[in-house]
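The questions below go through a structure region by region. Each answer ends on the item asked for.

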Amino acid sequence: AQLSPVPQVLDGKVFTVTAGPTREALDPVRYITNHSSGKMGYALAQAARALGARVNLISGPVNIQAPQGVDVIYVNSAVEMRDAAITLAEKSDVFIGCAAVADYRAADISEQKIKKQGDEMTIALVKNPDIIAEVAALTQNRPYTVGFAAETQDVKKYALGKLKNKQLNMICANDVSQEGLGFNSDNNALTLFWENDQQSLPASNKKELALTVVKAIAGKLGLPSV
Ligand code: CTP
Ligand code: CA
């Protein structure tokens with residue numbers, strides 16, 4: 001059967017997408033992480049590729065296959081993700097920060113396995129770099145910068161706060177308090193926010209949503225709509 005060709009509106013554009021969780025080591029055998037599956041970020045990378053972009057996908061540890069035709073850079077920690085992100089963002093037209101970056105990492109990574117001691121223990125943590133804020137603060141070759149916000153309450157308020165504080169062009173917000181949506185699920189519902197505009201996308205498959213998000217970005221870049 002003949003497949004109808006997808007219009008290559010992103011031909012010549014470079015996208016960099018972060019996806020998945022980060023993994024912050026405590027010692028050689030333990031780490032701090034979160035439940036991000038990477039599905040949304042991988043779907044965004046695949047959607048941008050399908051519309052003709054060259055795509056770098058900076059991925060934390062996940063269990064999904066790399067989309068065809070996408071360059072994948074595997075990282076573990078937030079610091080590793082930041083270093084890859086800054087290098088690639090400077091060469092990109094669009095940066096999408098979809099990764100669930102750990103907000104903190106261990107102040108010291110123990111070289112040896114930490115031994116069990118008293119009945120209580122405390123781990124000192126330090127704040128990780130804010131990757132997307134660093135990308136948005138680039139003074140040369142700054143890409144169109146798109147963030148994500150997963151919230152359990154006051155979704156619009158927090159999303160707009162992040163849009164402003166991190167100086168993003170756009171933020172995709174999802175309400176993770178809704179059963180069966182968001183983290184680890186195949187489905188998601190998003191509201192896209194810009195400084196002076198918003199668009200609600202009903203609950204749908206992450207692959208479909210990703211295509212809609214990438215088309216919305218293309219529209220904001222002034223590319224012909226698809
Ligand atoms: N982000 C990032 N680097 C971090 C933390 C977050 O790049 N160290 C990015 C995420 O990839 C996402 C956006 O910032 O695109 C919002 O992430 P979120 O965790 O919702 O925001 P935080 O600023 O970390 O605030 P909080 O977790 O307190 O809600
Ligand atoms: Ca966070």
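Q: What does Asp103 touch, not counting residues up to four places away in sequence?
A: Contact here means that two C-beta atoms, placed from the backbone, lie within 7 Å. The model is predicted: local features need pLDDT of at least 70, side-chain atom pairs count only at pLDDT 80 or more, and totals for chains, interfaces and linings use all residues. Residues are numbered from 1 along each chain as its sequence is written, and chains are lettered from A and ligands numbered from 1 in the order in which they are written. Beyond four places in sequence, Asp103 touches Lys127 and Asn128.

Q: Does Asp103 count as buried, partly exposed or exposed?
A: A residue is buried if 20 or more other C-beta atoms, placed from the backbone, lie within 10 Å of its own, exposed if 12 or fewer, and partly exposed in between. Asp103 has 14 C-beta neighbours inside 10 Å, so Asp103 is partly exposed.

Q: Which class does Ala99 fall in, buried or exposed?
A: Ala99 lies in the loop between strand 6 (94-97) and strand 7 (104-106); strands are DSSP runs (E, at least two residues) and helices are runs of H or I with at least four, numbered from the N terminus. Its contacts, leaving aside neighbours within four places in sequence, include Thr18, Gly41 and Met81. With 27 C-beta neighbours inside 10 Å, Ala99 counts as buried.

Q: Which strand gives the most to the shell around ligand 1?
A: The shell consists of 14 residues, each with its C-beta atom, placed from the backbone, within 6 Å of the ligand. The most, four residues, come from strand 9.

Q: How far apart are the farthest two C-alpha atoms of the UniProt "binding site" residues?
A: The unreviewed UniProt entry lists, among others, Gly97, Ala99, Asp103, Lys113, Ile131 and Lys166 under "binding site"; such annotations may be inferred rather than shown by experiment. The listed residues span 70 residues in sequence and do not all gather at one spot, because the farthest two C-alpha atoms are apart by 37.3 Å.

Q: Which strands do the buried residues of helix 4 pack against?
A: In helix 4 (residues 155-165), Ala159, Lys162 and Leu163 are buried. Down the axis they fall within an arc of 105°, taken from the directions from the helix axis to the C-beta atoms, so they line one face of the helix. The face turned away carries the exposed residues Lys157, Lys164 and Asn165. The buried residues pack against strand 9, strand 10 (170-175) and strand 11 (187-194).
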